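Colleague: I am new to this structure. Could you walk me through how to read it, one feature at a time?

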Amino acid sequence: MFAELLRERRLSAGWSQDELAERSGVSTRSISALEAGGRRPRMSSVVRLAGALGLDPDTRARWLMAARDAGAEEPGGPDTPPAAPRPETGAAASPPFPRSPAGPGGGRGAPAVPQQLPMAIRHFTGRAREIQALDGLLGDRIPGCGAVVISAIAGTAGVGKTTLAVHFAHRVADRFPDGQLFANLRGFDPARSPVDAADVARGFLDALGVPASRIPADPDGQLALLRSRLAGTRTLIVLDNALEAEQVRPLLPGSDTCLVLVTSRNRMPGLVALDGAVPLALDVLSRAEARELLARRLGPAAVEEQPDDADELIELCARLPLALNIAAARAADHPGTPLGVWARELRDSRARLDLLSTGDVHADVRVVLSWSYRALAPKAARLFRLLGLHPGPEIGAAAAASLAGLQPAEARRLLDDLHRAHLIAAPDRDRYTLHDLLRAYAAERAAADESPQGRAEATLRMLDHYLHTAHRAGCLAYADDASWQPLALAEPAAGVAPEDLADRGQALAWYRGEQPVLERIVDGAHRAGLDTHAWQLVAAQVAYLLKSGLWQQWQRASETALAAAERTGDLRGQAHAHRWLGQVHRSQGRQPQARHELRLALDLFDALGDRPRQGRTLLDLALALGEEQADAEAVAESRRALELFRAIDDRNGQALALNSIGWYLTQQGEPRPGLAHCRRALDLARETGNLPAQSSIWDSVGYIHHQLGEYHEALPAYQESLRLRQEVGDYFLQADIHTHIGDTHLALGDPEAARTSWTRGLAILEDLEHRDADAVSARLNALAGPDHRPPAEPPTGPPAEPPPGR
């Protein structure tokens, strides 16, 4: 039994009897006789052989038991005197490999059990999900398969790939008693070339104690010997900073008892697809993990006592571990300085990368990012730096193509290259993003590597892409809206390919996805002095902002549009911007400001001779007056609008004006004349196919029937209004109709149906943080009362507002 154990273990180590003799101090003749079963083993020889072969305690105990069963002689019995142990021989390890210490026991004849892991980081924090995933690999062996278990840890520069790999390796090192090997493959080292796999193998063989005389001269032989030496062993191998799969693949052992951790800035899809590596993408830290890191570096009190400043510092560092550690190191050098001081310094994006440096190239965010940038092919590098001109937070593939003036297919291929290099993230297939430090670095590279003309042309292409796509979206989403009029746009710049939106659904989805981008694009256009683009970009999206109830975004965009139009002296742009501001002030209950802005707009449209816009601004003014219960004045302004629309034969405008007259007549106590006006309005809206106007008028009809006590007539009118609103995608206006439907259900004696409708309306209003939410909440609360009667609420205006014009 012992003879079989000895022979099997020696062969699995890839050693000859001579090699085992050299390492153990037991003579070759004795080893040969022991393996043949021709002599009883001596216990001292068994101990030496077990040590040389690096047996773990359990296997060592089995050996000693087997030796006793074979009649092993205790110390003092006859045996061939052991050869004097020799010092470790072999070539010195090449620079990327730390030399392994002596194995257990520390004697000159002790086995070579390499322990090459670098020092672990004391303040390692978080990464619980990733560690759990790595833990799962330890039990991921497939019996009889023999395939090595590999984890490919990939992520952007400075995200902590090596730190995670080393931390985990130390955590599980005791499960790999045959050693832990580590090599920096220098895949992204700017000063030195990536390490060749054969050089890595030579260093590993040396660390494993293979004599230089036994190492083949040819690279293939060295790699083959390494695989033989690792076969059957429990060895952990960390291959850090790999450039590509081809650098890693030759080093993989063919044994399922080993674990290989590979880190890279590239995703290495080939290693995953062909070699069965388990991918582990490492992202920036969560906010909680980032706070924990700062607390460990600076002490819990510093973070707990300055939570807002700590959170700002975390976000300015983009939650990137390298940046956070550098910022923490600077703060630790000045323990009396509040965190807010460091946060204020980092707010300047132009100086941020300068501040996130310690003078050490490995602790300098700019330098570390530059190693990834320099590894890119020229076309991918150009696209990366042009992305620095985009304000974020995300960019679609089509917009990236226009930004760079590329065909969409080529742009997508280059974006995939950047994604594989972890220089951009991809929340989904067609959306890409950069964290703020990567964006700042890309902008720096654009300033350094692109000419002023090249940057200006790229910026113009980007603005044209969003302007023409937004205009296309508006034409599709609001084609049957009388207030929408196409803008007179200049032709897009060469290389711009606006997105090919096919219908209203795609148009509204595009608006939803791009709204945060459009807000930044408008601000960027204004700052760059491209003021015509700025106000036209607002014009192309303001209908969506109104109908979606995005009040704050609507107001900011309108203020920017007004500033841009005033700077260029564009009266038409100023007129539109004043009208938009009037609308948003009215929607937020600021009626004096609303009337002031609307009258400015009215005067400008009059001076421009824009009678359709005059008429619609008069209706806006009627709405503002109605909010103040000035119903007679609202009727008068609506009649002025009707006369104007009749004079220019604007039938859609006439429908809206008639609806407004009918509503305010009802508020004055004249519901029957009001209903007649609304019926005429509905006939006109049907003739023109104006769905938003039809929805508004049906809501007015339902409201008047409700006021007359004709609840069975009111309910279907409201339901038709809601159906049309849902069809055209007017999110905010649906809330008002839900409220009216609930009122009618309650009047019909169905409080549960009323509760359902009010709850739906309240969800929309709370989502939009609208002032009407309190009134709907009061209705719901009143249902708990004994009479189920909600408090009377004065009407807030016509049930649907005329959408903004252009």
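Modeller: Start at the end of a helix. Helix 34 is followed by Gly709, whose phi is positive, near 80°. Keep in mind that this is a predicted model.

Colleague: What does the start of helix 34 show, and which atoms come together there?

Modeller: Look for a side chain that reaches a backbone nitrogen. Here a side-chain oxygen of Asn690 comes to within 3.1 Å of the backbone nitrogen of Ala693.

Colleague: How many residues does helix 34 have, and what does helix 34 span?

Modeller: Compare the span with the expected value. Helix 34 has 17 residues. From first C-alpha to last, helix 34 reaches 24 Å, close to the 24 Å expected at 1.5 Å a residue.

Colleague: Now aromatic pairs. What describes a pair of aromatic rings?

Modeller: Two values do: the distance of the centres and the angle of the planes. This structure holds eight aromatic pairs. Take Tyr373 and Phe384: their pair is tilted, with 5.9 Å centre to centre and 45° between the planes. Tyr373 sits in helix 18 and Phe384 in helix 19 (residues 378-387). They are 11 residues apart, and the pair links distant parts of the chain.

Colleague: Are Tyr373 and Phe384 buried or exposed?

Modeller: Both Tyr373 and Phe384 are buried. Now return to helix 34 for another pair. Trp663 and Tyr703 are also tilted, at 4.4 Å centre to centre and 35° between the planes. Trp663 belongs to helix 32 (residues 651-667), and Tyr703 to helix 34 (residues 691-707). Trp663 is buried, as is Tyr703.

Colleague: Which residues form an aromatic cluster?

Modeller: Tyr478, Trp510, Tyr511 and Tyr544 form one.

Colleague: On to pockets. What is the volume of the largest pocket, and how many residues line it?

Modeller: Read the volume, then the lining. The largest pocket has a volume of about 1,200 Å³. Its lining has 44 residues, and Gly160, Thr162, Thr163, Leu322 and His362 lie nearest the centre. Elements that give two or more residues to this lining include strand 2 (180-184), strand 3 (236-242) and helix 15 (321-333). The largest share, six residues, comes from helix 7.

Colleague: How do the residues of that lining divide into nonpolar, polar and charged?

Modeller: In the largest pocket, the lining has 23 nonpolar, 14 polar and seven charged residues.

Colleague: And what is the volume of the second largest pocket?

Modeller: Its volume is about 860 Å³. Of the 28 residues lining the second largest pocket, Gly388, Leu389, His390, Ala443 and Arg527 are the closest to its centre. Helix 22 gives the largest share of the lining, seven residues. Helix 17 (349-355), helix 23 (452-477) and helix 24 (504-527) are among the elements that each supply at least two. The lining divides into 14 nonpolar, five polar and nine charged residues.

Colleague: One last residue. Where is Leu765 found?

Modeller: Leu765 is in helix 37 (residues 751-768). Leu765 is buried, with a relative accessible area of 4%. Leu733 lies 32 residues away along the chain, and the C-alpha atoms of Leu765 and Leu733 are separated by 9.7 Å.

Technical notes: Residues numbered from 1 in each chain as written. Predicted model: local features only at pLDDT ≥ 70, side-chain atom pairs only at ≥ 80, totals over all residues. Heavy atoms only, no water. 1 Å grid on protein atoms, 1.4 Å probe; cavity = no way out; pocket = protein on both sides within 12 Å on 5 of 7 lines; lining within 4 Å. Points joined across faces, edges and corners; volume = space filled by probe spheres on them. Helix = DSSP H or I, 4+ residues; strand = E, 2+ residues; numbered from the N terminus. Nonpolar A, V, L, I, M, F, W, Y, C, P; charged D, E, K, R; others polar. Phe/Tyr/Trp six-rings, centres within 6.5 Å; stacked < 30°, edge-to-face > 60°. Buried < 20%, exposed > 50% of the residue type's maximum accessible area, 1.4 Å probe, protein only. Expected span 1.5 Å × (residues − 1). Polar contact = N/O pair within 3.5 Å; in protein donor to acceptor, adjacent residues only side chain to side chain.
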